[in-house]
Amino acid sequence: MNQKPVTRSSEKDPLSVQIGSAARKARMTLKLSQEEAAERVGVATEVYGRWERGDLRPSTPTLIKLSKALGTSVDTLIGLAGERKATTPKITEPTPDPMPREFRRLRRTLRTMDKLQIATFTRMAAVLVTHKRRRQGSLRKAHAATT
């Protein structure tokens, strides 16, 4: 049998490129980094970057999350905003995240760890907490002695 070799096209899907371009424009308007936008949508930064480059197309439910996170309509993201009147949601200030950025990064890192790494991290954290408590106790005693 003569089979033709399978070759992949280097062309990007036009809809993926449109979504990526519109997402980038909306993100830049909000002055967000890709990491911050990815966190708002609930995806990895790498996935978000692939969307903006047009290498990957988000699923329909994720496209809706993306539009809400960036304060733009799905019509705008897919390039239909000029073809019909879109009801664009109001762009509001994002609600402050109760979890500081460092903790969000730590949480993402912990998700990538295996059981042994997590156990080691847990032991290290326990030692640090114990050390901090001892130090605070020593400082309180020293302060009480001086007053």
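Contact, as used here, means heavy atoms within 4.5 Å. The model discussed below is predicted.

Q: Are helix 2 and helix 3 roughly parallel or roughly perpendicular to each other?
A: The axes of helix 2 (residues 34–41) and helix 3 (residues 45–53) come within 8 Å and cross at roughly 105°. Angles of 65 to 115 degrees count as roughly perpendicular. Helix 2 and helix 3 are therefore roughly perpendicular.

Q: How many charged residues does the contact of helix 2 with helix 3 have?
A: Helix 2 contributes Q34, E35, A37, A38 and V41, which meet T45, Y48, G49, W51 and E52 of helix 3. Sorted by class, five of these residues are nonpolar and three are polar, while the number of charged residues is two.

Q: Which residues of helix 3 make the contact with helix 1?
A: The axes of helix 1 and helix 3 lie 6 Å apart, at an angle of about 110°. Helix 1 is therefore roughly perpendicular to helix 3. From helix 1, the contact involves S16, G20, S21, A23, R24 and R27; from helix 3, it involves Y48, W51 and E52.

Methods
Residues numbered from 1 in each chain as written. Predicted model: local features only at pLDDT ≥ 70, side-chain atom pairs only at ≥ 80, totals over all residues. Heavy atoms only, no water. Axes fitted to C-alpha atoms, helices over the stretch in contact; angles between N-to-C directions. Helix = DSSP H or I, 4+ residues; strand = E, 2+ residues; numbered from the N terminus. Parallel < 35°, antiparallel > 145°, perpendicular 65-115°, else oblique. Nonpolar A, V, L, I, M, F, W, Y, C, P; charged D, E, K, R; others polar.
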